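Student: I have a structure here and some questions about it. Can we go through them one at a time?

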Amino acid sequence: MAESTSVQKKRAGFKIRVEPRLEEPAAWYPLAVSLGAIVVALILGGILISFAGGDPLKSYQHIAKASFGDTGVLSDTIVKATPILLAALACSVAFRMKLWNIGAEGQFIMGAFGASAVVLAPLLAEDTPRWLFLTVMVLAAMAAGAIWGFIPGYLKAKFNVNEIISTLMMNYIAIAWINFWIFGVWSEGGFQMSPKFPNNAWLPRLLEYAKEYPALRGLTTHAGLLLGIVAAIILWIIVYRSRWGYEIRLIGDNPQAAKYAGINITSNVIYVMMLSGALAGLGGMSEVSGVVHRLQTAPIAAGYGFTGIIVAWLAKLNPLVIIVVSVLFGALILAGREIQPSGVPKMIQGIILVSLIASDFLLRYRIRIVRADAEE
Amino acid sequence: MTQTTPSTPEAPLAVEMRGIVKRFPGVLANDHVDFELRAGEIHALLGENGAGKSTLMNVLAGLYRQEAGIIKVKGNPVEFYSPRDAIKSGIGMVHQHFMLVPSQTVTENVLLGLDDPRFFMRLPEYDAKVAAVGERFGLKVDPRAKIWQLSVGEQQRVELLKMLYRGANVLIMDEPTAVLAPQEIDGLFDILRSMISQGKSVIFISHKLHEVTAIADRVSVLRRGVATASGVPSKGATRQELARLMVGRDVIFALDKKPGNPGNLVLDVQDVYAENDKGLPALRGLSLNVRAGEIVGVAGVAGNGQSELSQVITGLRKCKQGEVKLAGDLVSNRNTLFGIQHGMAYVPEDRNHVGSAPNLSVTDNVIMKKYRQPPISRAGFLDMGAATKLAKELKDAYDIIVPSVTTPVRLLSGGNLQRVILAREISGLPSFMVAVQPTRGLDVGAIEGVHRLLLAQREAGAAVLLISEELEELLSLSDRVYVIYEGKIMGEVKVGGVEPDESLIEMIGLMMTGTPLDQIHKEGVGANG
């Protein structure tokens, strides 16, 4: 519509106009905007680094090297990404239904407890075959997480108890619960940790295959990653291609329309909270059996459930995008250890987050620069 | 394409819009539209839903920016970036949905957003000022009353008062009569005339022809974003002419309805009691029935239990007493799914909040009641190919205008959204359908389309319960009409076949205001006047 219908007095200058976006943007656009946001964040971070007396380019190189530089650090990045991935998947399915599950942290911890109980209770003897051991641990972890999701889900469905408060509070109960077991019942000689698990209860790691493939030596990436990716794919299929997922999306978008379509919201609230809890619980199992190899509070209750909330949002609740975003977050966490002063990577992390969240604006609005004298 | 004005005494132009262009997704809402408003006239802007009337006026009121074209106020070019700019030039708009703060007084609402008073409210002083403005234009409102205490008609007056207080000379009224009762409409017309007599100009957006011919001096008509008539004197125009300019063809006002052939009893509502959301009795011993192959109307003033009745029938609301049977099966107090699986279709009155999921695609919205069965559902999974195919078929069959079936339905116009909902409900081949206000807010063409679909249902042997506030609609479609008043049926009249006469309408009117049919018969029609 460039055709000008009037000739007016010319005025110099340009105007910036912000207009709500009424059309769906092209498919590539959200990705481009996100990448643009990261670039902007890195530039801002660079300014920050130069203020702190560093060389931004060198620092970024170092960060890149520290998280993706060679197979060793890449493997470490992935190890960090795995628990975030599963926690974010847990959050995404609950958020999809507008159930604000802030309790992935607690469900994650209970998952770790459930998996540990199989070893420590002990439910299975130490010489149980590895496949059986791990399968039972996975099931126990998911069940424990699902129970931790069921409680707030049931309260929400039956008594309309606010799930934000109940899930948040249950995080603290979960921490206290595992503290009770590792301080008392399963304490390793009075230390605040359980005894180490037998090797049969460890998720396979790449370094185990170093004999056949020397390149894998020292790589700690474990099968939890596989669990996470498979869970992401299954969750994608559930959400976008199953009847249940359709119900979840419909309830999330308009509960009244869901009722009108004959969908039982109450039972779905409970089921979705249980699925959410089970996924977070699986994350706990992956961490305890793939990395820590014993039940211990600090490395398990490390805030993965909370990071998962952010990752789920940044990935717009899409399970497959969550895989990518989790790896980026894993890298940021890892880089945080490598760079001095140690505050800087945290700040860069924050800047990237804020930029990504702010870039959402560009998806909903468009900015047009017009000549002040133009009537178009 | 444009009929120009015959030479009437030339009043100066209050507003001039030239070549206005505004686009929305997949739609050119205004395509080089010209519009002129003379000082001191009531100018009706007529058009179907989605014709671009509201868009054009939102541009004039500073809510939207035109993509091309110029606006002149009293001959001076203006640029509006916000409604505040528009009101500075003396242009104020009263929207269909009022923008008032319910807990505040009339004066507080009028002063909202103004720079004066600066800090202390000094309400008594301003109460007097507001009252004075109201006095001048015949707007009777108590300035100290809280908004929530006022009727809809009074709230509309407050909106007008807001604009007049800000010094508006041009008042845009967006479908002001849609929310008003008949006697309130007359009051509004008096107010509009009194404003004109004091030199204000009014733009009156409407799609009701009789109102336009009653109040407007001149009429402009929009059709699909193009002006098909600008500033035609309304005196000379007939309803048929205007309707043709609006929809581009002669609207058939009378529907060709075949004689009814009622079959088996399908819906049987027996002595139902239910409460509304506030826990107050809404239905009080209501009974009615619908047979296969007939349309049964429920007439009544809004809020007499119509919504609750539809919800009890569809299982969305529990009834305390009584029962609803669908082809012999009990459906009341069972879940909604039971009804859906037994051939019940439901066109709810609120298409945005109940009938659709705004952020989901057209495809997701049309499978809402079919996703449980093949071919859409296969062993718990959705066959998206089959779903997309269904959506595309319905899009073509029901003339749904949308760029693609993956478009979220929140981007659809009201008429299009209603077509999506009707397509979904009718394609399920229901044996019974409840339609609540199916044509509310739709334009003439879309209303006719909905009516044809409902009649087609009747001819296909479905039972249709039509709950509506439009008496004309009920009388032209229904075989029988029940009249509901305070949750009870006042009486039932047969309308099928015969041209509704005055005494029938009077009878329905009496029942709608609370006189039971037996009493009317006892006293004789017309006894009450």
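Student: Is Ser356(B) buried or exposed?
Tutor: Keep in mind that this is a predicted model. A residue counts as buried if 20 or more other C-beta atoms lie within 10 Å of its own. Ser356(B) has 30 other C-beta atoms within 10 Å, so Ser356(B) is buried.

Student: Where in chain B is Ser356(B) found?
Tutor: Look between two elements of chain B, β16 (344–347) and α11 (362–366). Ser356(B) sits in the loop between β16 and α11.

Student: Which helix gives the most to the side of chain A that touches chain B?
Tutor: The contact takes 24 residues from chain A and 35 residues from chain B. On the chain A side, α8 (243–253) and α9 (255–260) each supply at least two residues. With five residues, the helix that gives the most is α8(A).

Student: By class, how many charged residues has the side of chain A that touches chain B?
Tutor: Take the classes in turn. That side of chain A has seven nonpolar and seven polar residues. The charged residues number 10.

Student: Which residues of α1(A) are buried?
Tutor: Helix α1 of chain A covers residues 29–51 and reaches 33 Å from its first C-alpha to its last. An α-helix has 3.6 residues a turn, so residues three or four places apart point the same way. What covers the buried residues of α1(A) includes α2 (56–68) and α14 (343–364) of chain A. The buried residues are Ser34(A), Ala37(A), Ala41(A), Gly45(A) and Ile49(A).

Student: What separates the centres of domain 1 and domain 3 of chain B?
Tutor: The domain assignment gives domain 1 as 13–247 and domain 3 as 359–428. Domain 2 is 265–343 + 431–523. Taken over C-alpha atoms, the centres of domain 1 and domain 3 of chain B are separated by 37 Å.

Student: What is the radius of gyration of chain B?
Tutor: The C-alpha trace of chain B spans about 70 × 60 × 50 Å along its principal axes. For 529 residues, a compact globule would have a radius of gyration near 24 Å. Chain B agrees with that, at 25 Å.

Student: Of the 529 residues of chain B, what percentage count as buried?
Tutor: Chain B has 17 helices and 22 strands. Among its contacts with a separation of 6 or more, 68% join residues 24 or more positions apart. The buried share of the 529 residues is 47%.

Notes. Residues are numbered from 1 along each chain as its sequence is written. Chains are lettered from A and ligands numbered from 1 in the order in which they are written. This is a predicted model: local features need pLDDT of at least 70, side-chain atom pairs count only at pLDDT 80 or more; totals for chains, interfaces and linings use all residues. Helices (H or I, at least four residues) and strands (E, at least two) are DSSP runs, numbered from the N terminus. A residue is buried if 20 or more other C-beta atoms lie within 10 Å of its own, exposed if 12 or fewer, and partly exposed in between; C-beta atoms are placed from the backbone. Two residues are in contact if their C-beta atoms, placed from the backbone, lie within 7 Å. Ala, Val, Leu, Ile, Met, Phe, Trp, Tyr, Cys and Pro count as nonpolar, Asp, Glu, Lys and Arg as charged, and the others, Gly among them, as polar. The expected span of a helix is 1.5 Å times one less than its number of residues. Domain bounds come from an automatic or database domain assignment. The radius of gyration is taken over C-alpha atoms; the globule rule is 2.2 Å times the number of residues to the power 0.38.
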